[in-house]
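Thanks for coming. I will take one structure and go through how its parts meet, and then look at a few single residues.

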2 protein chains.
Amino acid sequence: MSEIKYNKVTPEIIEEFKKIVPGKVHTADDINEDYSHDEMPIYGNGYPDVLIEATNTEDIAKIVKICYDNNIVVIPRGAGTGLTGAAVAMYGGVMLDMAKMNKILEYDKENFVVKVEPGVLLNDLAEDALKQGLLYPPDPGEKFATLGGNVATNAGGMRAVKYGTTRDYVRAMTVVLPTGEIIKLGATVSKTSTGYSLINLMIGSEGTLGIITELTLKLIPAPKETISLIVPFENLDDCIATVPQIFLNHLNPQAVEFMEKEIVLASERYIGRAVYPKEVEGVDVGAYLLLTFDGEDMAQLEEVTERAAEVVLEAGAVDVLVADTPTKKKDAWAARSTFLEAIEAETELLDECDVVVPVNQIAKYIKYVYEIGEKYDFTVKSFGHAGDGNLHIYTCSNDMQLDEFKKQVAEFFDYAYNKAAEMGGLISGEHGIGFGKRDYLASFSGEVQMKLMKGIKETFDPKMILNPGKVCYKVN
Amino acid sequence: MSEIKYNKVTPEIIEEFKKIVPGKVHTADDINEDYSHDEMPIYGNGYPDVLIEATNTEDIAKIVKICYDNNIVVIPRGAGTGLTGAAVAMYGGVMLDMAKMNKILEYDKENFVVKVEPGVLLNDLAEDALKQGLLYPPDPGEKFATLGGNVATNAGGMRAVKYGTTRDYVRAMTVVLPTGEIIKLGATVSKTSTGYSLINLMIGSEGTLGIITELTLKLIPAPKETISLIVPFENLDDCIATVPQIFLNHLNPQAVEFMEKEIVLASERYIGRAVYPKEVEGVDVGAYLLLTFDGEDMAQLEEVTERAAEVVLEAGAVDVLVADTPTKKKDAWAARSTFLEAIEAETELLDECDVVVPVNQIAKYIKYVYEIGEKYDFTVKSFGHAGDGNLHIYTCSNDMQLDEFKKQVAEFFDYAYNKAAEMGGLISGEHGIGFGKRDYLASFSGEVQMKLMKGIKETFDPKMILNPGKVCYKVN
């Protein structure tokens, strides 16, 4: 395709925006620094020319149509909690602050769905649904992301092992296309074989194919009880080898997280409280599984706990600690939930990769990245979802120069991604590609697949104005 | 785009094919009549010029490349059990008999996946997996379809209410593109946010975007026990209104099928055995729910059965019959499993639609189609999946002229599809669009979505040679 040239937003166009959404249009000095980056600032900073508080589908369609007619870049942004620069304005243009559309619109309890605006925070829906006796199963680590953002990255989270990822809970959506046209995809229903699955293409497209302006999400009846187990092991190998045994024994945990001692220590420093045992009967603990089971009543869960304890002890666990009260469960999960914050608190320069490998390769993979990591000046920290093989590998430094850090990290990531691919994994489990991982996607997927993705991008966005520079489209 | 012109297969090209797959190339008289239609012959008959028994990915890529270079139509076909003409050669060309690639390649028990060739029959994988203690959850009515065909239509089936549809069990696939290029999509892993979801686009694309040559499918540990309940109601309204109560009470059935008395009678005539009660304590039975629960042991299932019985009786059921032995379960399901055969056995002219409506609209919808059906000379019969709102509506006639039948059915389907759309449903739950439902898809989805689908089709298939005339692409 021919070279793309984007236009600047003129004062006349700003006036047009103001007529559509009076009081919601912000320019230049009026834009907070927060909007210039996401949670991984290493992927670049950039301000949009204009920031518009999103109001509703129709207004967004009008705004986008103006941008389409004038070759102006549009970037939809949720809460800005992404880790790949996907919601950052790299080329100016108009940023739509979707977080402002944050109403839970309607529960349909007979069909187990809820209709929401895309800016509703995960945490807000989760809490509100529970009040109705319902569970929204996706449970990404970042609770203050928007649901629109969750859908745009197909966010995974802790409960994916039992309940699947965000993709599995999206029933329908309204989308404003880069042309300003409005489409409605999907339905309240769960089964569909009605043409190409455009809705599944939108899911995980990171704001590059269309702007999600309404979502219908599936809910399930909330399990009545949960119980968590902290299971210490002497080393990571034993810890990971235990995971398939859990499933083969028909235990069906809601979450299976693994953690190594180092990161638990960092996290406990951060929360200022020690919860996890570091030594059991003279054995040094090297790694832990944190399991959660859900069910209808405590009697049932106690039985599951007994069976689980047998299985993990047989598989090499050195102990089993049961967290069966709200306080104990909160404590057990507090350490896990603050891993990223704990790392951030101790680190100046930070980057991460979010690979996913087959579950039985986790230990081998982790060992590999630590070995490779030895060669570099940064420190490698990792944690992840043992139930689904999704690993978060952090590179942390407090004394390196930025350029040198970036250079070394790029080399390290090449090894890390290649190894994941070699083991039959993928380069992102839940954080997405955005801006930061685009070149890695290209080398992982290969030319043919990138050509297909670009062709799809052009079909949806003939002028390439929507969130350029992300996923598969590199601005010339 | 400009007009497409397809070329005939020349004797020279046939020779080239024979060099690639000696003994596997069939022409003209050598092609069995079975290959000229699917299970719904009303959508037209057509022979390919050449029928090739598929062997492996590389050979298929070579064959497709020749077709691509020469503008020759290619049609992949599984077992031919489709109901929309999707696997029928409407424009001649080369048909690939994918059913010939029917090997179960490898179980990976630590990661709970199985690698198969696309021509493996659903029934064969289901039985083989059970021998390993594993369950392949998708359970479409037609057990002798190929898995490739199941993926191509995102087949749903009985257990979708608990376990989801085929889409949820596809982890990875190898695809030969219409250009002859080979791509590998997905991985053994369950989480992904690695670029646009090309694999989800392939799923449900009915052999129009690429040819699936290998599949990696997710399995789960097989539940150890199942129990079925036959629940008679006075009428369909009471029957359908009961369904949400089952879920709200945290019962989690594997299957929730509804059936009306008429179709049960037809089915019992077909199998020559009466299983379902027609009268309970002086009350005429008008409709039934057939429920299946699975679990770890009979004690647990008996408890579930007790709770389920309370819920359904409270909701208006007139009785609950428990099928807890293999014979009783087989009997209970025999009637349900033979609905289509029972209808076919009594019918000369047949057509069907496969709408899906929100679960709480089922009774209203069924009532509507019967009322509209009164206006026509054919008979309407229906059954469906109460747990997910997927309904199969059959139009049956033994005394109408074909043209008149087609005319009346087209009018009736217009009403039926429009009503499904109005109620927030979709025009196909699991049978797909193929050739027969293409115009209905266009009017349901609207111009903008059809343009996107066509753009995607052109991206994958620049010469529009793969399975033309299906889903979104009408040959000029």
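Start with a term: buried area is the accessible area, taken with a 1.4 Å probe, that two parts lose on being put together, summed over both. By that definition, chain A and chain B bury about 6,100 Å² between them, with 62% of it on carbon and sulfur atoms. Three residues, A:Lys191, A:Tyr196 and A:His250, supply 16% of the area that chain A buries against chain B, more than any other three residues.

Before I go on, the background. This is a predicted model, in which local features need pLDDT of at least 70 and side-chain atom pairs count only at pLDDT 80 or more, while totals for chains, interfaces and linings use all residues. Residues are numbered from 1 along each chain as its sequence is written, chains are lettered from A and ligands numbered from 1 in the order in which they are written, and side-chain values use heavy atoms, with hydrogens and water left out.

Back to the interface. Contact means heavy atoms within 4.5 Å, and the contact takes 78 residues from chain A and 80 residues from chain B. How many salt bridges are there between chain A and chain B? The count is six, where a salt bridge is a side-chain nitrogen of Lys or Arg within 4 Å of a carboxyl oxygen of Asp or Glu. One of them pairs B:Glu181 with A:Lys451, the closest N and O atoms being 3.5 Å apart.

Polar contacts are pairs of N or O atoms within 3.5 Å; within protein, one atom must be able to donate a hydrogen and the other to accept it, and residues adjacent in sequence count only if both atoms are side-chain atoms. Between chain A and chain B, 38 residue pairs are in polar contact, both residues at pLDDT 80 or more.

Which element gives the most to the side of chain A that touches chain B? That is H14(A), with 12 residues. Helices (H or I, at least four residues) and strands (E, at least two) are DSSP runs, numbered from the N terminus. Chain A has 14 helices and 20 strands.

Now chain A as a whole. Its C-alpha trace spans about 75 × 55 × 40 Å along the principal axes. Of its 476 residues, 62% count as buried, meaning under 20% relative accessible area, with exposed being over 50% and partly exposed in between (1.4 Å probe, protein chains only). Among contacts in chain A between residues at least 6 apart in sequence, 74% join residues at least 24 apart.

You will find B:Lys191 in the loop between strand S9 (182-186) and helix H6 (198-202) of chain B. Is B:Lys191 buried or exposed? B:Lys191 counts as buried, because its relative accessibility is 0%. Its side chain makes a polar contact of 3.2 Å with the side chain of A:Asp388, and another, of 3.3 Å, with the side chain of A:Asn390. The residues that B:Lys191 touches include A:Gly156, A:His385 and A:Glu430, not counting residues up to four places away in sequence.

Last, backbone angles. Most residues other than glycine have a negative phi. A:Asn71 is not a glycine, yet has a positive phi of about 55°; A:Asn71 lies in the loop between helix H2 (57-69) and strand S3 (74-77) of chain A. B:Val471 also has a positive phi, near 60°. B:Val471 sits in the segment after helix H14 (438-460) of chain B and is buried, with a relative accessible area of 0%.
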